[in-house]
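Please look over the sequence and the structure shown below before reading on. The report then takes up the chain topic by topic.

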Amino acid sequence: QVQLVESGGGLVQAGGSLRLSCAASGRTLSRYIMAWFRQAPGKEREFVAASRSGDMTYYADSVKGRWSISRDNAKNTVDLQMNSLKPEDTAVYYCAADSSPSVWTSLYYQARKYAYWGQGTQVTVSS
């Protein structure tokens with residue numbers, strides 16, 4: 001069992017930056033792919049970024065070049081550095097974890113594949 005707790009959300013002006021952090025407990029993170037998803041009102045939960053134990057990272061096209069995911073397996077944390085924020089980035093951001101082979105190798109972008117989720121943290125970007 002893995003427990004995930006996000007922090008770092010808030011209100012920021014367009015063009016600003018925020019850093020989200022996800023703290024995990026219960027298991028060692030190194031065996032899990034860690035990801036961030038977001039969900040805006042009235043929309044489906046969408047993939048943002050994922051880190052596969054530090055060797056591979058993946059990003060949605062909408063955030064590529066602006067954001068960066070990083071993890072510290074020793075501290076059991078995964079962060080999302082969000083730069084050049086836009087109003088359309090406004091959403092609740094969720095940390096997720098899974099260790100299944102399908103997610104590890106290819107299905108990292110599918111929210112329904114993840115077993116563990118945090119409670120979410122709100123990010124609001126004003127124009």
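The sections below go from the whole chain to single residues.

## Basis of the report

This is a predicted model, in which local features need pLDDT of at least 70 and side-chain atom pairs count only at pLDDT 80 or more, while totals for chains, interfaces and linings use all residues. Residues are numbered from 1 along each chain as its sequence is written, and side-chain values use heavy atoms, with hydrogens and water left out.

## Overall build

The protein chain has one helix and 11 strands, where helices (H or I, at least four residues) and strands (E, at least two) are DSSP runs numbered from the N terminus. Read from the N terminus, the order of these elements is β-β-β-β-β-β-β-β-β-α-β-β. The radius of gyration, which is taken over C-alpha atoms, is 13 Å for the protein chain, close to the 14 Å that the globule rule gives for 127 residues, so the chain is as compact as a globular protein of that length. That rule is 2.2 Å times the number of residues to the power 0.38.

Along its principal axes, the C-alpha trace of the protein chain spans about 40 × 25 × 25 Å. Of the 127 residues in the protein chain, 43% are buried; buried means under 20% relative accessible area, exposed means over 50%, and partly exposed lies in between (1.4 Å probe, protein chains only). Contacts, meaning heavy atoms within 4.5 Å, can also be sorted by sequence separation: among those in the protein chain with a separation of 6 or more, 60% are between residues 24 or more positions apart.

## The nonpolar core

In soluble globular proteins, nonpolar side chains tend to be buried together. A nonpolar core is here a set of buried Ala, Val, Leu, Ile, Met, Phe, Trp, Tyr and Cys residues joined through side-chain atoms within 4.5 Å. The largest such core holds 38 residues, of which Leu4, Met34, Trp36, Leu80, Met82, Tyr93 and Tyr114 touch the most other members. The elements that give two or more residues to this core are E3, E4 (33-39), E5 (46-52), E7 (67-72), E8, E9 (91-98) and E11 (121-126).

Tyr93 shows how such a residue meets other parts of the chain: leaving aside neighbours within four places in sequence, its contacts include Glu6, Leu20, Trp36, Leu80, Met82 and Val123.

## The disulfide

A disulfide is a pair of cysteine sulfur atoms within 2.5 Å, and by this rule the count comes to one. Cys22 and Cys95 form this disulfide, with their sulfur atoms 2.1 Å apart. Cys22 lies in strand E3 and Cys95 in strand E9, so the pair ties together parts that are 73 residues apart in sequence. The torsion about the S-S bond of Cys22 and Cys95 is about -80°, so the disulfide is left-handed. Cys22 is buried at 1% relative accessibility, and Cys95 is buried at 0%.

## Salt bridges

A salt bridge is a side-chain nitrogen of Lys or Arg within 4 Å of a carboxyl oxygen of Asp or Glu, and the count by this rule comes to five. One of them joins Asp79 to Arg19, with the closest N and O atoms 3.3 Å apart. This pair links distant parts of the chain, with Asp79 in strand E8 (residues 77-82) and Arg19 in strand E3 (residues 18-25), 60 residues apart. Asp79 is buried at 15% relative accessible area, whereas Arg19 is partly exposed at 42%.

Glu46 and Arg38 also meet through their side chains, at 2.6 Å from N to O; Glu46 is partly exposed at 36%, while Arg38 is buried at 6%. Salt bridges that share partners join Arg38, Glu46, Arg66 and Asp89 into one network.

E7 and E8 run antiparallel and are joined by six bridges, where two strands pair if DSSP finds at least two bridges between them. Asp72 stands opposite Thr77 in E8. The two strands form a hairpin with four residues between them, and Asn76 in the turn has a positive phi of about 60°, although Asn76 is not a glycine. Asn76 is buried at 13% relative accessibility.
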